[in-house]
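Hello,

Here is the structure I said I would pass on. My notes follow below it; please read them with the model open.

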Amino acid sequence: MGHNHFEQLVAEWYEYQGYFVRRNINVGKRPQGGYECELDIVAFDPETKKLVHIEPSLDTDSWAKRENRYLKKFNAGKKHIPQIFKGFEIPPNIDQIALFLFASTENHKEIAGGKIMLVSELLVIISKELSKFKVAKKAVPEHFPLLRTIQFVMEYRDAILVASP
């Protein structure tokens, strides 16, 4: 794995849905060394031709600081993502998402031209989808350990809540 837990969850979710997922991609190689930026997660669904760039964050920075950081990341994504999936017919539009644990969307719906999504929103989506299938009949494959854990928790949530102190 080698990636942070938050990025792992997002990558697993998109891959589980059939996307080709790339993680922690250094883009914009500089002549003196190093890179312009790192893109956390880029996911492409060749069937629907949907392209998504997700930047998860656990930060508690100000909105102004976040705006600057995400402007850099999202601009780098628009510039470099077409080269990441060479050979694929990719769409001209990229859905860019800033995924925050510590935030509210009451006053901020977008940042740097991308959509803001909260971890709680993502967990609701994942939980609803994984709750549709019983573990015994359609367990999430073991190579998605975080999603599989969520599926188990959703199936056994009543027993877990009853057993809680």
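Leu147 touches Leu9, Glu12, Trp13, Tyr16, Ile126, Leu130 and Val140, leaving aside residues up to four places away in sequence. Please keep in mind that this is a predicted model.

Leu147 also belongs to the largest nonpolar core, which has 24 residues. Along with Tyr14, Ile54 and Ile126, Leu147 is among those with the most contacts inside that core. Which elements supply at least two residues each to this core? They are H1, E2, E3, E4, helix H3 (119-130) and helix H5 (145-155). The most comes from H1, which gives 6 residues. Apart from this core lies another one, of 12 residues, and Val27, Leu39, Phe44 and Phe85 are among them.

Next, the sheet. It is open and formed by 6 strands, with mixed pairing, in the order E1-E2-E3-E4-E6-E5. Its edge strands, each pairing on one side only, are E1 (20-29) and E5 (110-111).

Two of the pairings can be given in more detail. E1 and E2 are antiparallel and share 8 bridges; in one of these, Val21 has Ala43 of E2 as its bridge partner. The hairpin made by E1 and E2 has 5 residues between the strands, and Gly33 in this hairpin takes a positive phi near 110 degrees. E4 (residues 95-100) and E6 (residues 114-118), in turn, run parallel and are joined by 4 bridges. Here Leu99 has Met117 of E6 as its bridge partner.

Two helices lie across the sheet strands. H1 (residues 5-16) lies across E1, E2 (35-45), E3 (50-57) and E4, and runs at about 160 degrees to E3. H2 (residues 63-84) lies across E1, E2, E3, E4, E5 and E6, and its angle to E2 is about 65 degrees.

Last, the charged pairs. How many salt bridges does the structure hold? There are 8 salt bridges. One of them is between Asp95 and Lys50, with the closest N and O atoms 3.6 Å apart. This pair links distant parts of the chain, since Asp95 is in E4 and Lys50 is in E3, 45 residues apart. Are these two residues buried, partly exposed or exposed? Asp95 has a relative accessibility of 36%, so it counts as partly exposed. Lys50 is partly exposed as well, with a relative accessible area of 36%.

Asp59 takes part in two salt bridges that I looked at. With Arg66, the closest N and O atoms are 2.6 Å apart, and both Arg66 and Asp59 are buried. With Arg69, the N to O distance is 2.2 Å. Salt bridges that share partners join Asp59, Asp61, Arg66 and Arg69 into one network.

Regards

Technical notes. Residues are numbered from 1 along each chain as its sequence is written. This is a predicted model: local features need pLDDT of at least 70, side-chain atom pairs count only at pLDDT 80 or more; totals for chains, interfaces and linings use all residues. Side-chain values use heavy atoms; hydrogens and water are left out. Two strands pair if DSSP finds at least two bridges between them. Contact means heavy atoms within 4.5 Å. Axes are lines fitted to C-alpha atoms, for helices over the stretch in contact, and angles run from 0 to 180 degrees between N-to-C directions. A nonpolar core is a set of buried Ala, Val, Leu, Ile, Met, Phe, Trp, Tyr and Cys residues joined through side-chain atoms within 4.5 Å. Buried means under 20% relative accessible area, exposed over 50%, partly exposed in between (1.4 Å probe, protein chains only). A salt bridge is a side-chain nitrogen of Lys or Arg within 4 Å of a carboxyl oxygen of Asp or Glu.
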